Amino acid sequence: MLTVYSEDCRAHHGRAELNEGQLVPCFENPSRTDMVLERLRAVDLGEIIAPRDFGEAPIRAVHDDGFVDFLKTCWADWTAAGRDWDAIPFTFGKRGMRNDRVPTDIDGRISYYGMDAGTPITAGTWTAATAAANCALTATEQVAGGLRGAFAACRPPGHHAAADYYGGYCFLNNAAIAAQAARANGAQRVSLLDIDYHHGNGTQTIFYDRADVQFLSLHADPTVEYPYFLGHADETGTGEGEGFNHNFPLPWGTDWTAYEAALSEALRRIRGYRPDVLVVSLGLDTFEQDPISKFKLASDRYPVVGEMLGKLKIPTVFVLEGGYAVEALGVNAVGVLQGFEG
Ligand code: SP5
Ligand code: ZN
């Protein structure tokens, strides 16, 4: 399988995130894609190419202009305030507040656009986030050109980022940008299957009122797990999008038996939708040894997941999302791709 990767994805390297009340080293860091690349080369999965630069238009087709402008200028504004450490928001607009007004002060602006205190912005965040989006766009272009599958081995991840906010280690929604580009390339219907451990709140929100992109997500029940405020089974879409959003919240401790049942049902609904392209938000944090997650999938299940996806016989774009058991991340991610190829 063709892989798209950019060294620029290493440019985002946060120092610390707020976790259980303490600042701890960022789980989402460049060693993740290093491990994936190492494994891709070890098993000789296929060619690894650098992305093409698509400019800002496909990013702005998904994200609001004010948000994109903020991400571009955040680090300059932050350092202009005399700071040379990571930028983190600390106050969040709540119910009944004027949370639709953008403050002018940098601490207000970052709090307006940021969803949590676990996602630092650094000097290289914009460079890395746009490189990741270009990886997803290049993989999409290759699949539109006739490849059966392509893999964007990118970071930072994207599925928690919505049209106008970032968080959950995500800045630009790479998978949503890919799905939108697939539509622009002529696909009538796109299915976006999110198998990251966490609910893809950003992706769901972006496509919630649309029938041309079907969204399906298997994830830990938001009653007990991040992102907490979206991802319940009764979120089925709105307006023209009614019936095209499918959430499969699963309890902590979910093992392969329960996971496979939910995945099979999601795949059944994808078949019924008859998409021209499938985009997979490929998170590997469902792994039993993931340091921040609580599902129980063993490494030998990932090729089976890939095999199940391959049987759909739909041109497929894989976009890397989460997965923080770094030592096993390469084996698990590449395992899905090997299973897909059969
Ligand atoms: C792309 C992706 O996988 N993003 C995940 C973001 C998760 N951020 C919050 C992590 C909180 C981990 N703390 C564990 C607390 C257990 N109660
Ligand atoms: Zn995740």
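User: In which sense does H9 pass H10, left-handed or right-handed?

Analyst: A crossing counts as left-handed if the near helix is turned anticlockwise from the far one by less than a right angle, and as right-handed if clockwise. Here H9 passes H10 in a right-handed crossing. The model is predicted: local features need pLDDT of at least 70, side-chain atom pairs count only at pLDDT 80 or more, and totals for chains, interfaces and linings use all residues. Residues are numbered from 1 along each chain as its sequence is written, while chains are lettered from A and ligands numbered from 1 in the order in which they are written.

User: At what angle do the axes of helix H9 and helix H10 cross?

Analyst: Axes are lines fitted to C-alpha atoms, for helices over the stretch in contact, and angles run from 0 to 180 degrees between N-to-C directions. Helices (H or I, at least four residues) and strands (E, at least two) are DSSP runs, numbered from the N terminus. For helix H9 (residues 302-310) and helix H10 (residues 326-341), the axes cross at roughly 40 degrees and come within 6 Å. Residues are in contact if their C-beta atoms, placed from the backbone, lie within 7 Å; among those making this contact are Tyr-302 and Leu-309 of H9 and Val-336 and Phe-340 of H10. The residues of the contact divide into eight nonpolar, six polar and two charged. In this scheme Ala, Val, Leu, Ile, Met, Phe, Trp, Tyr, Cys and Pro count as nonpolar, Asp, Glu, Lys and Arg as charged, and the others, Gly among them, as polar.

User: Which classes of residue make up the contact of H5 with H6?

Analyst: The contact of H5 with H6 has 11 nonpolar, two polar and no charged residues. The axes of helix H5 (residues 125-144) and helix H6 (residues 174-184) come within 9 Å, crossing at roughly 35 degrees, and the crossing is right-handed. Its residues include Ala-136 and Leu-137 of H5, with Ile-177 and Ala-181 of H6.

User: In what order do the strands of the open sheet lie?

Analyst: Strands of a sheet pair through backbone hydrogen bonds, either parallel or antiparallel. Two strands pair if DSSP finds at least two bridges between them. In this model eight strands form an open sheet with parallel pairing, in the order S4-S1-S5-S10-S9-S6-S7-S8. Strand S4 (48-49) and strand S8 (245-250) are the edge strands, each pairing on one side only. Two bridges join strand S1 (residues 2-4) to S4, and Val-4 has Ile-49 as its bridge partner in S4.

User: How many residues lie between S2 and S3 in their hairpin?

Analyst: The hairpin has two residues between S2 and S3, and Glu-20 in the turn has a positive phi of about 55 degrees. Strand S2 (residues 16-19) and strand S3 (residues 22-25) pair in the antiparallel sense over four bridges; Val-24 in S3 is the bridge partner of Glu-17.

User: Which residues are closest to ligand 1?

Analyst: A residue is near a molecule if its C-beta atom, placed from the backbone, lies within 6 Å of it. Of the 16 residues that surround ligand 1, the closest are Pro-157, Gly-168, Tyr-226, Ile-292 and Gly-322. The shell divides into five nonpolar, seven polar and four charged residues.

Technical notes
Two residues are in contact if their C-beta atoms, placed from the backbone, lie within 7 Å.
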